[in-house]
Amino acid sequence: MNSKVIYTVLLSLLILCPVSGLRGQTDVGMSARPLSEAAGSVSSPQIDLQHSLSGSKAVLTGTPMKFAIKTNLLYGGLALAPNLGLEAGLGRRSTLALGAGYNGWNLNGSAEDNRKLAHWLVQGEYRHWFCERFNGHFIGGHLLYTKYNISEHEMPLMFGKGSKEYRYDGWMAGVGFSYGYGLMLNRKWNIEFTIGVGYGYMRYDRYDCPHCGESAGVGRQRNYFGPTSAGITLVYLIK
């Protein structure tokens, strides 16, 4: 195998598994071996690379972080829902994530103002990472359950057109698939980008918008197809 082929393979690995902040254990102080020497020890558990693009030296070694605590900034900001998530490593390239969020603003409402997006949500997701856990690209499958009390919000995907004219009190259970990318910032911090789509089964009662409005349809059912997760998430990594 000539040096050009080796370089191409290593460059591909760098694109899929970013060196910067890898595992939160990038060692800048250790000297890197030449590419020719690294190529001769590909089967070794430790692979050293000369990071020629930045002029710095990096050593890919150690084990990935085991746990993470996270909060979804995008969901929290758009839905005004404080949220917290935990993620644990199952294998070198697999994790299990659990998260929950809650919006209790204007839960009871009033005759003057009954606009609300009150809900609580729980979600669990299994993830497969293409490089290593908490770093790089991943795909996942998730389950979710939410109870909601929503009024005066136009949400055509969930309730159809004209939904802002009513209040909806009910629940949804769903399943979906996601794709995401974890960007290592340093040894302890990560930013995660995620998008997911799937199916949800909904049951709800519909009411006129005024506070304590009369029923406009009890026990309604609806099948939902669309986004089931989205996030720009701040992650704190734990060894």
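Rings of Phe, Tyr and Trp (its six-membered ring) are taken as a pair if their centres lie within 6.5 Å, and planes under 30 degrees apart count as stacked, over 60 as edge-to-face and the rest as tilted. The model is predicted, so that local features need pLDDT of at least 70 and side-chain atom pairs count only at pLDDT 80 or more, while totals for chains, interfaces and linings use all residues. Residues are numbered from 1 along each chain as its sequence is written, and side-chain values use heavy atoms, with hydrogens and water left out.

Across the whole structure, a search finds eleven aromatic pairs. In one of them the rings of Trp 129 and Phe 134 have their centres 6.1 Å apart and their planes at 55°, so the pair is tilted; both residues are buried, that is, under 20% relative accessible area with a 1.4 Å probe and protein chains only. Tyr 168 and Tyr 204 form an edge-to-face pair, at 5.4 Å centre to centre with 75° between the planes. Because Tyr 168 lies in strand 8 (residues 166-184) and Tyr 204 in strand 9 (residues 189-208), this pair ties together parts that are 36 residues apart in sequence, strands being DSSP runs (E, at least two residues) numbered from the N terminus. Tyr 168 and Tyr 204 are both buried. One aromatic cluster is formed by Trp 120, Tyr 145, Trp 171 and Tyr 201.

Charges also sit over rings, a term that requires CZ of Arg or NZ of Lys within 6 Å of the ring centre and within 35 degrees of the ring normal.

| Charged residue | Ring | Distance from ring centre |
|---|---|---|
| Arg 167 | Tyr 207 | 4.5 Å |
| Arg 206 | Tyr 166 | 3.9 Å |

Note on methods. Buried < 20%, exposed > 50% of the residue type's maximum accessible area, 1.4 Å probe, protein only. Helix = DSSP H or I, 4+ residues; strand = E, 2+ residues; numbered from the N terminus.
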